[in-house]
Amino acid sequence: MNVNTISGLKEEHHDYYGLPLVHQRGLNSLRFTGQRTAVHTVPLQNGKTLDFYASLGASDELFVGFHGANSLSRNFYPRFERVQSLKQLVPAFIAFADPTLLISSNREMHLSWFLGGPGWDPLLDVKKVIKKAIGKCGAKHVAFIGGSGGGFAALRASSWFPGSMAFVQEPQTVIADYIPSVVDKYFRTVWPEWIQESLLESFPERFNMVEHYRQANPENFVYYTQSIADPFHVEKHFEPFCAAMGIGSHGGDGPAGNRVMKLYEGEVQGHGKLTSQEFNSFFTDSLARWREQR
């Protein structure tokens with residue numbers, strides 16, 4: 001392990017990602033001076049780490065990505081999404097891995113929505129990194145990107161940043177309405193001594209984006225895409241969010257113009273099957289609409 005003479009931080013080579021791995025000292029002393037593009041690992045007070053990919057060129061827009069569920073074939077940490085999709089399109093991008101997954105020592109929990117657990121909300125840690133990255137790249141605007149479980153995190157994080165965008169693809173919007181076995185696995189692993197139903201009902205800001213957006217009406221821009229070929233998410237997550245935004249079940253634009261709900265015929269059947277061409281088309285449209293709103 002070497003010490004970067006510019007940042008003073010320890011670094012080594014990340015074999016999987018083929019990039020420098022920067023060992024940050026802590027959330028309150030983040031340094032991005034040593035490497036423009038790298039994987040960073042930050043020790044947290046609870047003994048876990050917050051890990052993220054960052055490529056921070058000068059830009060007035062910072063893009064932030066969240067991943068969805070791990071699969072049996074891709075069940076590792078840290079995992080980052082949309083790096084290949086966006087690294088050639090935007091000069092400033094951060095992709096986070098969900099440190100909540102580290103609570104499952106046997107890796108049986110594959111999805112945890114960046115929710116953390118008792119006394120710990122990892123999105124608050126993410127928020128500190130974003131604010132530091134804004135200072136590094138000079139961004140005035142932040143866009144959050146995520147699909148499925150990562151879309152839930154993007155909706156939640158964006159609600160904290162007035163004027164930001166949440167560009168989400170087939171997200172969950174209500175944790176209680178997702179696959180029961182997956183939801184139960186998360187609560188049994190992370191909140192073993194708590195009553196699941198009480199938590200879900202008592203904290204909509206954390207577990208229910210339909211109610212959170214209905215009640216708080218955050219001052220952000222949402223661009224939400226949903227394939228018709230994913231009927232479970234259409235019924236359980238897309239349509240309730242539409243209703244909360246005053247939009248019909250087939251999608252459309254919200255009354256204020258800051259909610260865009262796109263129900264589309266996907267090229268590939270099923271959940272999470274957005275093609276690269278579809279992503280690029282929606283991404284281009286979301287940027288144009290967001291910039292127009294600003």
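**View 1. Val182 in helix H4 of a predicted model.** Val182 is found in helix H4, and this model is a predicted one. Is Val182 buried, partly exposed or exposed? Its relative accessibility is 24%, so Val182 counts as partly exposed, because buried means under 20% and exposed means over 50%. Now look for His110: its C-alpha atom and that of Val182 are separated by 8.1 Å, although the two residues are 72 residues apart along the chain. Once neighbours within four places in sequence are left aside, Val182 is in contact with Leu111 and Trp113.

View 2. Helix H4 spans residues 180–190, and its buried residues are Val183, Tyr186, Phe187 and Val190. Seen down the axis of H4, these buried residues fall within an arc of 90°, so they line one face of the helix. The buried residues of H4 pack against helix H5 (196–202) and helix H6 (204–207).

View 3. Follow helix H7 through residues 209–216 and you will find its buried residues: Met209, Val210, His212 and Tyr213. What covers these buried residues of H7 includes helices H3 (149–158), H6 and H8 (231–244), along with strands S10 and S12. Which residue caps the N-terminal end of H7? Asn208 does, with a side-chain oxygen 3.1 Å from the backbone nitrogen of Val210. After H7 comes Asn217, whose phi is positive, near 45°.

**View 4. An open sheet of 12 strands.** To trace the sheet, follow its strands in the order S1-S2-S3-S4-S5-S7-S6-S8-S9-S10-S12-S11; the pairing is mixed. Strand S1 (2–3) and strand S11 (252–253) stand at the edges, and each has a single partner strand, so one side of each is left without a neighbour in the sheet.

**View 5. Two helices lying across strands.** Helix H2 (residues 122–137) lies across S5, S6, S7 (92–96) and S8 (141–147), and it runs at about 150° to S6. Helix H9 (residues 276–293) lies across S6, S8, S9 (165–169), S10 (221–227), S11 and S12 (259–264). The angle between H9 and S10 is about 155°.

**View 6. Ser59 in a loop.** Find Ser59 in the loop between strand S5 (49–56) and strand S6 (61–66). Is Ser59 buried or exposed? With 14% relative accessibility, Ser59 counts as buried. A polar atom of the Ser59 side chain lies 2.8 Å from the backbone oxygen of Glu61. Beyond its neighbours within four places in sequence, Ser59 is in contact with Pro91, Ala92, Cys137, Gly138 and Ala139.

View 7. Cys137 has 5% relative accessibility, so it counts as buried. Cys242 counts as buried too, because its relative accessibility is 0%. How many disulfides are there? A disulfide is a covalent bond between the sulfur atoms of two cysteines. With a cut-off of 2.5 Å between the sulfur atoms, the count comes to zero disulfides.

Key
Residues numbered from 1 in each chain as written. Predicted model: local features only at pLDDT ≥ 70, side-chain atom pairs only at ≥ 80, totals over all residues. Heavy atoms only, no water. Buried < 20%, exposed > 50% of the residue type's maximum accessible area, 1.4 Å probe, protein only. Helix = DSSP H or I, 4+ residues; strand = E, 2+ residues; numbered from the N terminus. Polar contact = N/O pair within 3.5 Å; in protein donor to acceptor, adjacent residues only side chain to side chain. Contact = heavy atoms within 4.5 Å. Pairing = 2+ DSSP bridges. Axes fitted to C-alpha atoms, helices over the stretch in contact; angles between N-to-C directions. Arc of directions from axis to C-beta.
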